[in-house]
Amino acid sequence: MNFMINGINLNDMVQNQITFQPSINTVSEFKVDNSTFGAEHGRNSGAIVNIATRSGTNELHGEGFEFFRNDALDSRNYFNTPPAQKSPFDRNQFGFSAGGPILRNRTFLFGSYEGTRQRQGIDINTPVLRDDQRAAVTDPVSRNLLPLDSNGHNHWGERRGRFVGSATAPVDIDQFTGDVHHTVRNQDSLHGYYAWQRDERGSRHFNMRPRPQFLASATRAQSHRQIGTINETHIFGSNLVNEARFGFNRINITFTPNAQLNPVDYGMQVGVDRPIGLPLIAINGLGLQFGGPEQLPSRAHRHDVRVLGFGELPARSALD
């Protein structure tokens with residue numbers, strides 16, 4: 001499936017998924033094609049979803065919104081049993097949009113902001129070392145790693161050789177968009193759109209004691225996404241219209257472990273001497289894994305630039 005916005009690619013070219021979700025307030029209309037694609041759609045099989053963004057009008061209009069959800073009506077996870085507190089969940093989505101004229105009947109501006117703040121408790125149920133198992137450790141490197149283990153406490157103080165608790169997975173997203181439409185003359189019009197997004201989220205961020213210091217999936221992702229489109233439409237006559245499009249899609253993502261420790265400090269000679277995280281360590285028989293993930297830290301920087309132009313019969317909507 002290929003997602004497009006104002007006729008410009010909205011997909012991550014590596015993972016083949018949508019780059020970001022435009023705020024619903026910025027969408028004027030959308031169209032889904034599942035067969036008989038035009039010549040400009042040659043990249044993906046499957047359906048084509050094209051979104052046309054919203055421009056201002058001669059009247060000034062604006063709106064704001066807030067969506068809130070928490071754990072008040074949520075049931076417990078099967079492993080999140082009393083007397084432990086129920087894992088928290090709070091999600092806020094909020095924002096505003098406004099549009100109006102710069103020059104009446106010629107130039108219009110529309111802008112929006114949307115933010116997301118989520119704090120979700122991730123239930124943890126993992127084996128850890130008991131006191132007798134810790135006392136049996138003699139290897140110097142392994143003994144250096146023992147303080148990273150919770151010593152078998154769950155989060156209400158009992159020792160079972162298993163940690164039962166929760167960790168937070170924070171999500172912070174901010175997204176801004178701007179849209180300008182200008183009528184040059186009766187035969188020519190210009191349309192520009194730009195979106196900027198900051199996305200920061202964590203996986204299993206521990207903020208309680210006693211606790212496992214980190215697990216294999218405890219990571220932090222930071223990303224910046226940008227997309228811009230420019231469309232110029234020229235009417236040659238009653239049976240021919242040409243539209244030229246230029247656009248770019250830019251993604252910058254960084255993944256890092258929550259616990260950026262230096263393996264050398266623990267006596268480990270693995271070729272890494274910087275505080276970027278420990279290698280993935282597995283204890284056979286116990287089923288305990290910590291450190292890692294092994295592919296982090298990592299960074300990805302991708303961009304896609306498109307220039308398109310075509311002629312067709314007069315369009316009946318901004319999506320055709």
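Ring pairs join Phe 94, Phe 96, Tyr 113, Phe 176 and Trp 196 into a cluster. Rings of Phe, Tyr and Trp (its six-membered ring) count as a pair if their centres lie within 6.5 Å. The model is predicted, so local features need pLDDT of at least 70 and side-chain atom pairs count only at pLDDT 80 or more, while totals for chains, interfaces and linings use all residues. Residues are numbered from 1 along each chain as its sequence is written, and side-chain values use heavy atoms, with hydrogens and water left out.

**The chain as a whole**

- The protein chain has two helices and 14 strands; both are DSSP runs numbered from the N terminus, with helices (H or I) of at least four residues and strands (E) of at least two.
- Of the 320 residues in the protein chain, 41% count as buried. Buried means under 20% relative accessible area, exposed means over 50%, and partly exposed lies in between (1.4 Å probe, protein chains only).
- Among contacts in the protein chain with a separation of 6 or more, 66% come from residues 24 or more positions apart. A contact means heavy atoms within 4.5 Å.
- The protein chain exposes about 17,500 Å², and carbon and sulfur atoms supply 53% of that area. Accessible areas come from the Shrake-Rupley method with a 1.4 Å probe, and for residues only the protein chains shown count as cover.

**Aromatic pairs**

- A pair of aromatic rings is described by the distance of the centres and the angle of the planes. Planes under 30 degrees apart count as stacked, over 60 as edge-to-face, and the rest as tilted.
- By this rule there are four aromatic pairs. One of them is Phe 96 with Tyr 113, a tilted pair with 6.0 Å from centre to centre and 40 degrees between the planes.
- This pair links distant parts of the chain, 17 residues apart: Phe 96 belongs to strand E6 (residues 89-103) and Tyr 113 to strand E7 (residues 107-127).
- Phe 96 is partly exposed because its relative accessibility is 48%, whereas Tyr 113, at 12%, is buried.
- Phe 176 and Trp 196 also form a tilted pair, with 6.1 Å between centres and 45 degrees between the planes.
- Here too the pair links distant parts of the chain: Phe 176 in strand E8 (residues 162-185) and Trp 196 in strand E9 (residues 188-203) are 20 residues apart.
- Phe 176 has a relative accessible area of 41% and so counts as partly exposed; Trp 196 is also partly exposed, at 27%.

**Gln 197**

- Gln 197 is in strand E9. With a relative accessible area of 6%, Gln 197 is buried.
- Leaving out residues up to four places away in sequence, Gln 197 touches Phe 20, Ile 173, Asp 174, Gln 175, Ser 223, His 224 and Arg 225.
- The side chains of Gln 197 and Gln 175 are joined by a polar contact of 2.8 Å. A polar contact is a pair of N or O atoms within 3.5 Å; within protein, one must be able to donate a hydrogen and the other to accept it, and residues adjacent in sequence count only if both atoms are side-chain atoms.
- Gln 197 and Gly 115 are 82 residues apart along the chain, and 9.6 Å separates their C-alpha atoms.

**Nonpolar cores**

- A nonpolar core is a set of buried Ala, Val, Leu, Ile, Met, Phe, Trp, Tyr and Cys residues joined through side-chain atoms within 4.5 Å.
- The largest has eight residues: Leu 145, Leu 148, Tyr 266, Met 268, Leu 278, Ile 281, Leu 288 and Phe 290.
- Another core, of seven residues, lies apart from it and includes Phe 20, Ile 51, Tyr 193 and Ala 195.

**The sheet around strand E4**

- Four strands form an open sheet in the order E2-E1-E4-E3, with mixed pairing. Strands E2 (8-9) and E3 stand at the edges with a single partner strand each, so one side of each has no neighbour in the sheet.
- Two strands pair if DSSP finds at least two bridges between them. E1 (residues 2-5) runs parallel to E4 with four bridges, while E3 (residues 27-33) and E4 are antiparallel with six.
- Ile 51 in E4 is the bridge partner of Ile 5, and Ala 52 in E4 is that of Glu 29.
- In strand E4 (residues 48-53), six of six residues are buried. Ile 48, Asn 50 and Ala 52 lie on one side, and Val 49, Ile 51 and Thr 53 on the other.
- E1 and E2 form a hairpin with two residues between them, and Asn 6 in the turn has a positive phi of about 55 degrees.
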